[in-house]
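Good morning, and thank you for coming. Please look at the sequence and the structure on the screen while I describe them.

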Amino acid sequence: MVEAKRDIRQLSLEEIQEFFVSIGDKAFRAKQVYEWLWKKSAKDFDQMTNISLSTRELLKEKFSINHIKVDEMQRSSDGTIKNAVRLHDGMTVESVLIPTETRITACISSQVGCSLDCHFCATARLKRMRNLNPDEIYDQVVAIKEEGELYFGRSLTNIVYMGMGEPLLNYQNVMESIRKITSPEGLGMSPKRITLSTVGIPKMIMRMADEDMKFNLAVSLHSAIDETRSKVMPINEKSDLNELAESLNYWYQKTNRKITFEYVVWKGINDDERHAHALAKYCGRVASKVNLIEYNPIDDGMFQQADPEKIDMYERILGDKGIIVNVRRSRGKDIDAACGQLANKL
């Protein structure tokens, strides 16, 4: 019976050291391998050129590097790139490169599918098949970093955990991926350039705050009225807006980092002054700013983008209360790469 190879990126530096010591090699060899894996993003052992051929052959015999593969890449008319990312077990997720004049942003996935039932999101229809490992999340970032350099001549500037899945329901792996991305032994990116987007799971938000995470937090809000929010986001029935506000205030007290509310305005659902005033009042309870997001249809007609004057109404009401508000135009709609559209259609 052939012994299954272990994925070497599932091992800690200490575990790799133990392996080298067990075969009579020097412990420092582990640091060389670890640097190739996480700082230089090696895809196979043959790239580790400062390690002897015999040691590389032994590593190939004992271990694997379960690297992702970009199966197909689509380019939007606005420059956005969507990747269909094949995982080692054949499952697929999607990630997106979003270019602007000053930024290259990676929008990455944390789960295959999603276990939440947000009615406006295409990913929710897939159901959750499994969580991604830290290396699978890290690899999406590296792939987009390489694409940014190849197609735009610029390196990656920002990362948003806004792809497929709910990051806080894959907590340990997501936090470990952020450590690998921000560590000097990894990609060395500033945590200030990372935004984690969540539907808002209070106990996990408080756990993040207690663990002194330095990245930015965005919350998909979409209504500051419990009745409306529960209709479009069933998670609100388990943790209502009051409980969410308490956890967000705890986050702010611990981190001193404002929350960004992601907010879509839909025709006939939340496009009236009552909802706009409710949002302004809610923002008064939480140190926050608001991104009003253009809605991207997912073909069922239940949710429709609000008229432009309704967006103007939200801007006016929020602005009158001194709340910072930005209107976000969607990118990559023509290739189903915009917010809420990721659903493995490739």
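What share of the contacts in the chain with a separation of 6 or more comes from residues 24 or more positions apart? The figure is 66%. Please keep in mind that this is a predicted model.

Let me begin with the chain as a whole. There are 10 helices and 14 strands. Of the 346 residues in the chain, 54% are buried.

Next, the confidence of the prediction. The chain has a mean pLDDT of 90, and 89% of its residues reach 70 or more. Over residues 337–346, however, the pLDDT is below 50. In the model this stretch has 48 contacts beyond near neighbours in sequence.

I now turn to a pair of helices. Two packed helices are described by the angle between their axes and by the distance between those axes. Here the pair is helix H1, residues 13–22, and helix H2, residues 28–38. Their packing angle is about 135 degrees, and their axes lie 8 Å apart. On the side of H1, the contact is made by Leu13, Ile16, Gln17 and Phe20. H2 contributes Arg29, Ala30, Lys31, Val33, Tyr34 and Leu37.

Thr105 is in strand S6, residues 104–107. Is Thr105 buried or exposed? Its relative accessible area is 12%, and because buried means under 20%, Thr105 is buried. Leaving aside residues up to four places away in sequence, Thr105 touches Val96, Leu97, Ile98, Ile144, Leu156, Asn158 and Val160.

One of these residues, Ile98, belongs to strand S5, residues 92–99. Ile98 has a relative accessible area of 24% and is therefore partly exposed. How far apart are Ile98 and Leu156 in sequence and in space? They are separated by 58 residues in sequence, and by 10.0 Å in space from C-alpha to C-alpha. Both Ile98 and Leu156 are among the residues that Thr105 touches.

Thank you for your attention.

Conventions:
Residues numbered from 1 in each chain as written. Predicted model: local features only at pLDDT ≥ 70, side-chain atom pairs only at ≥ 80, totals over all residues. Heavy atoms only, no water. Axes fitted to C-alpha atoms, helices over the stretch in contact; angles between N-to-C directions. Helix = DSSP H or I, 4+ residues; strand = E, 2+ residues; numbered from the N terminus. Contact = heavy atoms within 4.5 Å. pLDDT = per-residue confidence, 0-100. Buried < 20%, exposed > 50% of the residue type's maximum accessible area, 1.4 Å probe, protein only.
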